[in-house]
Amino acid sequence: MELIGSYFKAIFDFGPNIVLPCFIFLFALALGTKPGKAIRAAIFIAIALIGIKMVVGFMGDNLGPAMKALSKNSGIKLDIMDVGWGAVAAAIWATPMGAIGIPLLLLFNFVLLYFRVTKTLMVDIWNYHHLITVGVLTYFATDNVYLGFIGMLLASLITWLLADWAAPFLQKFYGLPGITMPTLSSISECLIAAPMNELLDRIPVVRDIRGNFSSVKKYLGVFGEPAVLAVIIGMGIGFMAKYSMKDSLNLAMNLAAVMIILPKVVAILMEGLMPIQEASQEFLHKHMGGREIFLGLDSAISIGHPSVLTAALLLTPFVLVLAAILPGNQMLPFADITVIPFRIAFVVALVNGNVFRTLLIGAVVLVQILLCGTVTSPVLTKIFLSVGGKIPEGAIGVASFSGGSLFVTYAIMQTLSFVLSGVIISAVVFGLFLLVAKSQARKAVQLMETEEENTYAGIKNIQG
């Protein structure tokens, strides 16, 4: 297994911009797509994902310093530093379990597909690191390598089952037939979002509050335009960070550019996916009796939606306030503060772009991330130090908005470590999710059928 792992590591070292299109190309060929179409599809999907990362990176370059200044000006002092998902992923890949995890998870995915346990085929190999992280964290928490591998496989099973569950409303909301998004860092929040949304459905008056992208635009006119909203939010963040007028205006315009350019990049992705979707439907009909299988891609394909970006920009400064006042929190949000769109992408789809519900549920999700990140920080810090990482000056530990901050990761770590409080909390959250999962998925699709103008397709029609 170690030899196989070393081969996969060598392939993986080419980076996601090379590895992913190669997998997409081979997958398209296996479905019967002509080589020319398969090459074009793979290249277009890779271009789109590179473009999404470039735009998100541009947003981080602009928003990060502003949030750093805001944090400094507010005098917030917390001693666990958010070092970002990239630093966590690098530490995880440096462990022996990192290289072995990829072939093991690929094999596990095929076995589960064969036995019809899941419908999700996760071709997004890069994001396997979230699943491997669960295994490594569990291993370091329990000092038992078998429990580490059990944790990794358990995280994969939960992720792919959640991806099956979410696929109908994700496909409808984001206009991506045949697709799902088994990215643990995004899908984990469904466990919090679904019970919360069910609770809101049962509260009089609150359950009738609308305020999605299309209605905001309708009532606010030009001020409801995504670009104008981004300018207003950007100016607000700039002023809170005590930027000069010039710097605030630059920040505002750069955020407006992100708001407009990101959906255009997603359109390139759709162009690349189209031939694969067609080939997939034909292949499944011909060889598997029409069996439904979802292509699992990176949740980055969802963050170009205006409601996702608007809500994320509003929640970004809020997370600093939350970190300062939340009892029990020790994590200072920093490097991962720009990944909030990824954390709320599923929430937005579940509530059909209702910004009010997204903000409310998103706030609860951020509470969970901060608290779970604080609780699991000692284990992550131990891993970080074991691979040669350095703790930032003034901090006593590290965390991020991924790793142990994700509820699925936290629940598996705590359960396999036999931490009673963690087991009880995990049982309650999973239990509540299972109680409402079926009805929430059904309601989400029904809501989109009655408010179709707020889906991606509807927004494109509005924009002409």
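**Chatting through a predicted model**

Me: New to this one. How much of the protein chain counts as buried?
Reply: Of its 464 residues, 58% count as buried. Keep in mind that this is a predicted model.

Me: Okay, and how many helices and strands are there?
Reply: The protein chain has 18 helices and six strands.

Me: What about contacts, how far apart in the chain are the residues involved?
Reply: Taking contacts with a separation of 6 or more, 80% are between residues 24 or more positions apart.

Me: Which residues have the most contacts inside the largest nonpolar core?
Reply: Those are I52, I132, W165, F169, Y174 and I276, in a core of 149 residues. Helix α3, residues 35-74, gives the most to this core, with 15 residues.

Me: Why would nonpolar residues end up together like that?
Reply: In soluble globular proteins, nonpolar side chains tend to be buried together.

Me: Switching to α6. Is that helix mostly covered or mostly open?
Reply: Mostly covered, with 12 of its 15 residues buried. Among them are Y128, L131, I132, V136 and F140. I132 also belongs to the core residues with the most contacts.

Me: Why does the length of α6 agree with what a helix should span?
Reply: Helix α6 covers residues 128-142, and at 1.5 Å a residue its 15 residues should span 21 Å; the end C-alpha atoms are 22 Å apart, so the two agree.

Me: What follows α6?
Reply: D143 does, and its phi is positive, near 60°.

Me: Last one, how much accessible surface is there?
Reply: For the protein chain it comes to about 19,300 Å², and 69% of that belongs to carbon and sulfur atoms.

Technical notes. Residues numbered from 1 in each chain as written. Predicted model: local features only at pLDDT ≥ 70, side-chain atom pairs only at ≥ 80, totals over all residues. Heavy atoms only, no water. Helix = DSSP H or I, 4+ residues; strand = E, 2+ residues; numbered from the N terminus. Buried < 20%, exposed > 50% of the residue type's maximum accessible area, 1.4 Å probe, protein only. Contact = heavy atoms within 4.5 Å. Areas by Shrake-Rupley, 256 points an atom, 1.4 Å probe, with all protein chains shown as cover. Expected span 1.5 Å × (residues − 1). Core = buried A, V, L, I, M, F, W, Y, C linked by side-chain atoms within 4.5 Å.
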